Amino acid sequence: MANQRRDAAIVGIYEWPKRVDASVSAMQMKAASIRAALDDAGLKWGDVDAIYDAGDGDGGGGGLGLAAYLGLKPTVIDTSQVGGSSYEFHAAHALRDIAAGKAKVAVLSYGSKSATRRVPIGTGGGAGGGTWSGNMEAPYGTTLIANYAMVANRHMHDYGTTSEQLAAISVATRHHAMRNPEAVQAMKDLQFVGVNEITVDDVMSSRVIADPLHLLECCMVSDGGGAVIIASGDVARNTKKKPVWILGSGEATKYRENGGDITTSAGAQSAPIAFGEAQVSPGEIDIAMIYDSFTITVAVCLEDLGFCKKGEAGAFVSTSGIAFDEPGKLTLNTDGGGLSSNHPGMRGIFLLLEAARQLRGESTSQVPGAKLAVSHGNGGLLGGTHTGGTVILAAD
Amino acid sequence: MPNRPQPALPEHDTDAFWEGVQKNELRYQTCNECKEVVFTPRAHCTKCGSGKLTTKVSKGTGTVYTYSVVRQSRHPNFADLGAYSVAYVDLDEGFRMLSSIVGVNDPTTEIKIGMPVKVEFEKQDTGDYPIPVFRPV
């Protein structure tokens, strides 16, 4: 890895501990998380010179509104909003901006009150009409979950993937969640039926929300937030914790195309860019933090990132050992994921947070000696218009 | 009768499509310069950017590319449909369309990927526009 650059690193992290929290606003979550992440790094409020903001937080004004709310005057403001993978895009842009000398201390933040506000993210029906795309989609009532379910059905048709295989993702993720006290509390606060380890049979006997996806293959709807501090190499070498280096990143989009393959995601385009820049191969990765909106999202992205061949994710997740205490090479979603820890709507920041915890040795499902991680966000709708953001991270 | 959400018109890209639907026509476009099939409707070709497109009428036949059956929907317009299908249909002229498969007793078991289907224009309880849906043939 001698040729890999060390331009920027994650130096501070904070995850909002509660998943149902009526005591704060989403903007307050963002501000308090930023302060806590700066404390984690040993950096000060005034050190921040770059803000990346997806416009979450309900504060209005995107990055401008956030700067005013925080009371900061950054010289880099990036308001990329590409769905749940926005934070992987932000990390990519922070790396780029820092490498270009435009910033030294970059802040990514997230805050959402989806549970408190009872937002029916997955089942609320499709987009409204009145736009070029909305007028062609609104009459059909495609729920968000049904969009992903259409990918699952085609994957099963093309490759023989089964619901039992996909359920292995839910089982391993819950196993990790049960070791994470914040995830356990989340499931209690959200009134999960059975806050315990689950089996493939449990997944299969949970009700179908949109064929072929069962309830236990769908992420929760929670509150949540957090912050990530990314700093230049010279700053990172003097922060409190060991830096987690950003080795490479890739960004891509995908959408419905005539004759297109719905079982391949934007990750197939973003991942080779990221791995190439990082000079790392998928086989070297210890920890995969993959956006688990649904089981099928993970399956498709594992294939597109190169952890197995297209069509083989069903066998991979059900036989290779994806839990932290199984002998398999690749460990998946050790925080408990969107399936069992938190999903406030756009989960991408948590993929960075848990990857950083693993590479610092701080996870509740720690893989001993974890050196390389990938955080891959899938934003938007897997079976429609979506983004893929891939970030490769390395322990110091 | 169903009460699906209506398109909100006028809207520059989709006006002509819905005007066609009112005449029982399923319209799509091809590019005059590069021959690309363009759908959903736009004023430019998605392959070459040309603004010279020809609007055509599809025969309305195709196959189910993929589908799902929505068992839980919070959208008030779909509350009375029970479990309803959504599907991507590949039309024979080479475009893919989001729609719904109707005319089956049990959508959870009777819809199959690859199944041949044909368009029909489903009358709605309210609104000016029928909605193009597909029925197995």
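The model is predicted: local features need pLDDT of at least 70, side-chain atom pairs count only at pLDDT 80 or more, and totals for chains, interfaces and linings use all residues. Residues are numbered from 1 along each chain as its sequence is written, and chains are lettered from A in the order in which they are written.

Chain A contributes 32 residues and chain B 36 residues to the contact between them, where two residues are in contact if their C-beta atoms, placed from the backbone, lie within 7 Å. On the side of chain B that touches chain A, two or more residues each come from β4 (61-70), β5 (84-91) and β6 (96-99) of chain B; strands are DSSP runs of E with at least two residues, and helices are runs of H or I with at least four, numbered from the N terminus. The most is given by β4(B), with five residues.

In chain B, three strands form an open antiparallel sheet in the order β2-β1-β3; two strands pair if DSSP finds at least two bridges between them. Because β2 (37-38) and β3 (53-57) of chain B each have a single partner strand, they stand at the edges, and one side of each is left without a neighbour in the sheet. Strand β1 (residues 27-31) of chain B pairs with β2(B) over two bridges, and B:Q29 has B:V38 as its bridge partner in β2(B).

Leaving aside neighbours within four places in sequence, the residues in contact with A:I230 include A:A8, A:I10, A:L108 and A:I246.
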